[in-house]
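Please read the following points with the sequence and the structure at hand.

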Amino acid sequence: MSSSSLAGSLVVTGRSASAKTPPRWQAAEVIEILEEAPDAVTLRLRLDETDGFLPGQYYNVRLGVLGESRAVQRAYSVGSSPLPDPSVIDLGVREVPGGFISPRLVRDLGVGQHLEVRGPYGRFTWTGDDGDPVLLVGAGSGLVPLMAMIRYSAAVGRDVPMCLVCSASTYDHALYRDDLARLSDEHRWLRVVHSVTRDPGEPRAAYHRRIDRDLLAAVLDGEVPPQAYLCGPPAMVEATVVALTDLGVDPSRVRSEKYD
């Protein structure tokens, strides 16, 4: 288990992948389902037991599947802050057509039902303890762990400059769009830049193409962020690492997580 000291006496704890005592499976109650996009929801779950988690970590979800001899499990990132209550977690789920689990989680689940979950896991985490400005780049459901970092920063009252560049097929498919608009209005340290790939006339997006070097150069406008966190499809993440390195970002301070 690892821990990070926060403002004042606050402490958040969370298991990493190398924890000596692995988390156990537990039943989590679905207490709310929030529609985030036509094909995505937030599942708000209440855990019976928790040692906390770090912004950016994920939980595994396990379901029995007809025709499969063993239960199938998939990993879903937490989109909520560990504060004020780490026993309530928001899992972001985007439906994968033909998937074993995600269509059931998005379409068939109801409030009051229970899911088997285990976690937290992952080292793709940010707490802002170093005070350095950070660039966040996310595409599709890769926005989920980045949203946890933003919400955590707001919850603990950090003023570390954060710039989020997020890509979606259309603005309506952009996760957390309303919450991000509110947070950027409330906090001067947060800047949100939307890009959409399938709606060239969308006025709410600053850009209308995939994230690439030129887009990032325009967003950064000569400023080189000390650190960056990237999450999304492998091709996007890999190309963004190359682009940011070319723009002067120290590659050792670029953290990434890939979503298939």
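How many salt bridges does the structure hold?

1. The model is a predicted one. The structure holds 17 salt bridges, and the next points take up some of them.

2. Another salt bridge, at 2.8 Å from N to O, is formed by the side chains of Arg158 and Asp129. Arg158 lies in the loop between α2 (143-156) and β10 (162-168), and Asp129 in the loop between β8 (114-121) and β9 (134-139), so the bridge ties together parts that are 29 residues apart in sequence. Arg158 is buried, at 16% relative accessible area, whereas Asp129 is partly exposed, at 45%.

3. The side chains of Glu202 and Arg204 also meet in a salt bridge (2.8 Å, N to O). Glu202 has a relative accessible area of 7% and is therefore buried, since the limit is under 20%. Arg204, at 47%, counts as partly exposed.

4. Helix α4 (residues 213-220) packs with helix α5 (residues 234-246) at an angle of about 50°, and their axes are 9 Å apart. The two helices are therefore oblique to each other. Arg213, Leu216 and Leu220 of α4 meet Thr240, Ala243, Leu244 and Asp246 of α5. By class, this contact has 4 nonpolar, 1 polar and 2 charged residues.

Note on methods:
Residues numbered from 1 in each chain as written. Predicted model: local features only at pLDDT ≥ 70, side-chain atom pairs only at ≥ 80, totals over all residues. Heavy atoms only, no water. Axes fitted to C-alpha atoms, helices over the stretch in contact; angles between N-to-C directions. Helix = DSSP H or I, 4+ residues; strand = E, 2+ residues; numbered from the N terminus. Parallel < 35°, antiparallel > 145°, perpendicular 65-115°, else oblique. Contact = heavy atoms within 4.5 Å. Nonpolar A, V, L, I, M, F, W, Y, C, P; charged D, E, K, R; others polar. Salt bridge = Lys/Arg side-chain N within 4 Å of Asp/Glu carboxyl O. Buried < 20%, exposed > 50% of the residue type's maximum accessible area, 1.4 Å probe, protein only.
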